[in-house]
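Q: Hi! Could you walk me through this model while I look at it?

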Amino acid sequence: MSTDNVLEVRDLATYFFLRRGVVKAVDGVSFDLKRGEVLGLVGESGCGKSLTALSIMRLLPKGSARTVRGEVRLAGENILTRSPREMREIRGRRISMILQDPQTSLNPVFSVGEQLREAIFRRTRGSKAEIMKEAVAALRRVEIAAPGERIAQFPHQMSGGMKQRVVGAISISGYPQVLIADEPTTALDVTIQLQYLKLLKRLQAETGMAILFITHDFGVVARMCNRVAVMYAGRIVECGPVARIFQQPSHPYTQALIASVPEMSGAVGRLTTIDGQPPSLMDLPLGCRFAARCAHAQARCRDAYPSTFTVGPEHVADCWRLDSQ
Amino acid sequence: MRSLPWMSAIVIATMLCMAIFAPLLAPYSPIDQTLRDKLLPPFWLEGGSTKYLLGTDAFGRDILSRLIYGARVSLIVAGLALTVGGGVGLLIGVVAGYTGGVVETVLMRLVDAAFTFPAILFALLLAVTMGQGLGTLVIAISLLLWASFARIIRGEVLALKQRDFVALAKVRGCSELRIMLTHILPNVFNTFMVLVTLNIGVVIIAEAALSFLGAGIPPPTPTWGLMVSEGRGRIAEAWWVSLIPGLAITALVLSVNLFGDWLRDRLDPRLRQL
Amino acid sequence: MTSGLASAEPLLRVEGVRKHFPFVKGVLLGRTLGHVKAVDGVSFTIRAGETLGLVGESGCGKTTTSRLILNLETPTEGRILLEGQPIHDLRGEALAAFRGKVQAVFQDPWSSLDPRMTVGRTIAESLIIAGWEKPRIAARVKELLQRVRLDPEHAQLYPHEFSGGQRQRIALAAALASRPKLIVLDEPISALDVSIRAQMMNLLKDIQAQEDVAYLLVAHDLATVRHMADQTVVMYLGKVVEHAPTRRLFDDVRHPYTKALFSAVLLARPDQLTEEVVLAGEIPSPLNPPSGCRFHTRCPMAMPRCSGVEPPLQEVSPGHRVACHLYEVGNGTGAADGGAKPGVFAA
């Protein structure tokens, strides 16, 4: 394994075992996350991106969901085989997560200071005063004004943007190597989103942590990510450096997705749409999962799932059209 | 989602059959006294016979027949009390929740007051002043029920009010009354049905308790509660007189509760998708 | 696209509207501690068949404005006129007539449809209230489902059997039933997937062309507004800060807040990273808005005057109005940095 990679995911698959059938929500996902980089994971609802993150963190909803195969190597070791106790040590310290909804990420009955204290205490056993000082410093790092006062406040006294900052402060208090951010700005106002993304970038530069940034917004990807992976129906269909993906999107789904977003310049005309719906995850087709909606589909596409083809430096896509033979 | 609780369903179905087909099923009349045959034990015990399968009480009345007819009374009382009490609670809950403001505040304070009320005592008082009978009993038990229905339904309505389809109904010209009838009521119906099934047990026990205390349906009409009460003095020698109707009450209430749990899970559309 | 003469009475007139919600503590004997000035002096007009985009962030008042236009709230001050007639304090037939003319589609496809009604029944609602006979209603429901590109045989299905995008189309069909003149679209696509949004926008534009219906499009996404709106109004904390025909606004942004909004639109163009205006601080609470110009606490161009005097909404070029001291006509400081930002925003 390359020492450049802080996280390596190989053939990760998580299924839901229901009475009606098996939902293959994540079905063979592989990618590398390099030290210090921001990798975007893009897709629409139901593609499996959030579940991929939860599988990596081993925070799957109890009951019917189970990771059935694959490896997740954090600095070389496969964390999927660790015991629950070991995972508790890993979570928060070496790999941490921020979620979309700031309302539900914070406990409403505890003050911000107490929640930070809890996170800091796990890492360093200090006196109450020392921990409080660290907590105030943590709030200052996420650019919250008057942190000394904010520390005693409760979540409902804060705006959405501020809550997300607090969540950010808690998540990075353990100085993790990897941060998974699952749509952290989707619920925020646009100007607040920009503030937050800049903050995230700054923190990343300071700490050198790698970020797996999950989003549906290509604009956020362009702003934040070094590389991006596009997910569809449980698999990654294209992956590459951000500039290349935008200049030369090679998978028809990526192309259609980028084309369907209204622009801020150029003629105002009819938008490109994608007909049909994603396939049911209980009843996946044998071949390419996008074939039913693809304008370029051939017989080959329905027969076998496309291999991975190289389009450019570090740029790959799973599409038969790219097969030069 | 769990599968249908078969035992509970069978018990409930049996009780319903007993109630509906009582005259066909009961071997004897429930009120005929045959003093010669008093206090006979059930057939599987020494001294019992197949003539009286579950034995007789102090007046020589067949326990099985009284049990069968008693089912009828219990279910009628339960049905009426749930309709009246549940219905009133539903109405008040919907009006309070949807209208809001002063109306809601006043109604909810009434509900609070109802909870602090010593209901059983009030029922006894009613029985004394209005005389024992089906009507009094139904009113007394309804008074027990309506407040909890009202409170829960009102909570549900408060949440429903926030949903966009209510605002959109207004935008399309629906009057407040029409919204309450066509949008709010159907959406609280599930909760109402679950409340009904969960309270059947409460009602049956309330009826039994009131009959036991002498404030229910007057004898000789058999009710399960009354039957338990009548056997009180002879628990030692003739335990079957109280125990058999007691077991019937337990079996029915347990079955109804289990069935109600299942029904709630079944009717919740979110769970339905799994 | 538009019917009638340009000088005819506009379809909708919003005149000096204010909506202040009292902030009350205590249940029976409530003490009014203050007022949330959700909408505080808003005026604009919409012509028949055109789209007005209402843009802003949390607390700007756009949702309250749309609710006022839908007659779900009454203004504290000012008035709203539809086809020249005031829309508030209506009763009986006049109210029913109004309801038929102004309809809405809201943001959340999961909350907009009554889960216990078939979609056909939901679509038919305004017709049932108007007293149409059953066969006529059934025919119209089928026609409407076809209009929004859904299978007309699906009228007897329930909402949970449809996807989010389909539900929004059903909501649109319901809004179209009474042949309204104006539809208020409150963030109609933000809860939908990216590829579905395009479908919905195309559909909305097609229907507008066919039905000659006007839209009030409330949105936070400037790209959507650019794609759909003829004129754009930018709101901040209850006030209009900029108002112009869309093309003109996108070519020539003036107000510092609007510039920040534009800057915050992340383009899917990594090669065109624009000069960023990052605003400091949080959006203030509408309960206690800043004095003078409400934006002065976060404005990178704030001058001493801004905290004391509220800038009036003034025309700086034909059809283009801005509320900012930087552009105040007759103000000695002139247009300091009011120049256009061409390049990325030029159409």
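A: Happy to. A definition to begin with: helix axes are lines fitted to C-alpha atoms over the stretch in contact, and angles run from 0 to 180 degrees between N-to-C directions. This is a predicted model, in which local features need pLDDT of at least 70 and side-chain atom pairs count only at pLDDT 80 or more, while totals for chains, interfaces and linings use all residues. Residues are numbered from 1 along each chain as its sequence is written, with chains lettered from A and ligands numbered from 1 in the order in which they are written.

Q: Thanks! How do the axes of H4(B) and H6(B) cross?

A: The axes of helix H4 (residues 101-116) and helix H6 (residues 134-161) of chain B come within 9 Å and cross at roughly 140 degrees. That makes H4(B) oblique to H6(B) (under 35 degrees counts as roughly parallel, over 145 as roughly antiparallel, 65 to 115 as roughly perpendicular and the rest as oblique). Helices here are DSSP runs of H or I with at least four residues, strands are E runs of at least two, and both are numbered from the N terminus.

Q: Left-handed or right-handed?

A: The crossing of H4(B) and H6(B) is left-handed, meaning that the near helix is turned anticlockwise from the far one by less than a right angle; clockwise would be right-handed.

Q: And which residues meet there?

A: From H4(B), Met108(B), Val111(B), Ala114(B) and Phe115(B) meet Ala147(B), Ala150(B), Arg151(B) and Arg154(B) of H6(B). Contact means that the C-beta atoms, placed from the backbone, lie within 7 Å. By class, this contact has six nonpolar, no polar and two charged residues. Ala, Val, Leu, Ile, Met, Phe, Trp, Tyr, Cys and Pro count as nonpolar, Asp, Glu, Lys and Arg as charged, and the others, Gly among them, as polar.

Q: Switching to interfaces: how many residues of chain A touch chain C?

A: 37 residues of chain A are in contact with 35 residues of chain C. H8(A) gives the most to chain A's side, with six residues. That side divides into 18 nonpolar, 13 polar and six charged residues.

Q: What about chain B with chain C?

A: There, 16 residues of chain B contact 20 residues of chain C. Helix H7 (164-171) and helix H8 (176-212) of chain B are the elements giving two or more residues to chain B's side, and the largest share, seven residues, comes from H7(B).

Q: Now inside chain C. Is Thr246(C) buried or exposed?

A: Thr246(C) is buried, with 21 other C-beta atoms within 10 Å. The cut-offs are 20 or more for buried, 12 or fewer for exposed and partly exposed in between. Thr246(C) is found in helix H8 (residues 246-251) of chain C.

Q: How far is Thr246(C) from Gly53(C)?

A: They are 193 residues apart in sequence and 8.4 Å apart in space, C-alpha to C-alpha. Gly53(C) is among the contacts of Thr246(C) beyond four places in sequence, as are Val225(C) and Asp230(C).

Q: How many residues of H1(C) are buried?

A: Six of the eight residues in helix H1 (residues 62-69) of chain C are buried, including Leu68(C) and Ile69(C). H1(C) is followed by Asn71(C), with a positive phi near 60 degrees.

Q: Which other residues have a positive phi without being glycine?

A: Ala75(A), at about 50 degrees, and Leu39(B), at about 55 degrees, are examples. Ala75(A) lies in the loop between strand E4 (65-74) and strand E5 (77-78) of chain A. Leu39(B) is in the loop between helix H2 (22-25) and helix H3 (63-99) of chain B.

Note on methods: Contact = placed C-beta atoms within 7 Å.
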